Amino acid sequence: MTPAGFLRLALQTLIAPREVARLLLAADLSREAIMTAFALVVVVNALVVGVMQGYGMAMDALPVPVGPAILAALLAGMLGISIFVMTSAGRALGGSGRMQDVAVLFIWLQALRALVQVGVALMAMISGSLAMVLVLAAMLAGIRIVLNFLDVAHGLDNLFKALMVLILGAVGMVLLLSLLFSLMGLTPTGMTYDV
């Protein structure tokens, strides 16, 4: 995909998320392609967050700087858990989405996240207030996109059910991420290095 094609698809995702979800799912990517895309978005997001942390601009980063390998592992873990819990939550509420379908859509969301973070960083150089407006707008747009993606992936045809999937999935994510962070030695008060 060319940079222009990427930007066109990103804009289309804002305008018509359901159509983009159907388009991405219709590509019927192989497991290898999905895993490659997964690794790529993890690396790109880790690089973006790492650079932003280096310049003191990472708003949603960890409370203390971490190395690129740990950051990539955390991002991979969070994305993997997100895919798992959103698939499971959708199935629990009557959806029919496969894990690879949810993976494709959430990988695309992570690509968009990297784009938004770059935009926020550039905007922050101009105006901190405008950057915060962009963050808020991106959050609201992100919720709308996720709801539509979950609805399409699980074949629910009901945004209220997709909202329930998102809520149930969010609860599952909090529990699993808490377990992951505690296993890695990350706590709300800081980080320990017991390795």
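Predicted model: local features only at pLDDT ≥ 70, side-chain atom pairs only at ≥ 80, totals over all residues.
Q: Which helix gives the most to the lining of the second largest pocket?
A: The second largest pocket has a volume of about 480 Å³ and is lined by 19 residues. Helix H1 (3–15), helix H3 (31–54) and helix H5 (99–126) each supply at least two residues of that lining. With 7 residues, the helix that gives the most is H3.

Q: How many residues of the lining of the second largest pocket are charged?
A: Ala 37, Val 41, Ile 107, Trp 108 and Ala 111 lie nearest the centre of this pocket. The lining as a whole divides into 18 nonpolar residues and 1 polar residue, and the number of charged residues is none.

Q: Which element gives the most to the lining of the largest cavity?
A: The largest cavity has a volume of about 50 Å³, and its lining includes Leu 24, Asp 28, Arg 98 and Asp 101. Two elements give two or more residues to this lining, namely helix H2 (17–26) and H5. The lining divides into 5 nonpolar, 1 polar and 3 charged residues. With 3 residues, the element that gives the most is H5.

Q: Why does Met 99 count as partly exposed?
A: Met 99 lies in helix H5 and belongs to a nonpolar surface patch of about 480 Å², together with Phe 84, Leu 176, Leu 179 and Leu 183. Helix H7 (residues 159–183) gives the most to that patch, with 3 residues. Met 99 counts as partly exposed because its relative accessibility is 38%.

Conventions: Residues numbered from 1 in each chain as written. Heavy atoms only, no water. 1 Å grid on protein atoms, 1.4 Å probe; cavity = no way out; pocket = protein on both sides within 12 Å on 5 of 7 lines; lining within 4 Å. Points joined across faces, edges and corners; volume = space filled by probe spheres on them. Helix = DSSP H or I, 4+ residues; strand = E, 2+ residues; numbered from the N terminus. Nonpolar A, V, L, I, M, F, W, Y, C, P; charged D, E, K, R; others polar. Patch = residues over 30% accessible without salt bridge, like charges linked within 9 Å, V, L, I, M, F, W, Y side chains within 5 Å. Areas by Shrake-Rupley, 256 points an atom, 1.4 Å probe, with all protein chains shown as cover. Salt bridge = Lys/Arg side-chain N within 4 Å of Asp/Glu carboxyl O. Buried < 20%, exposed > 50% of the residue type's maximum accessible area, 1.4 Å probe, protein only.
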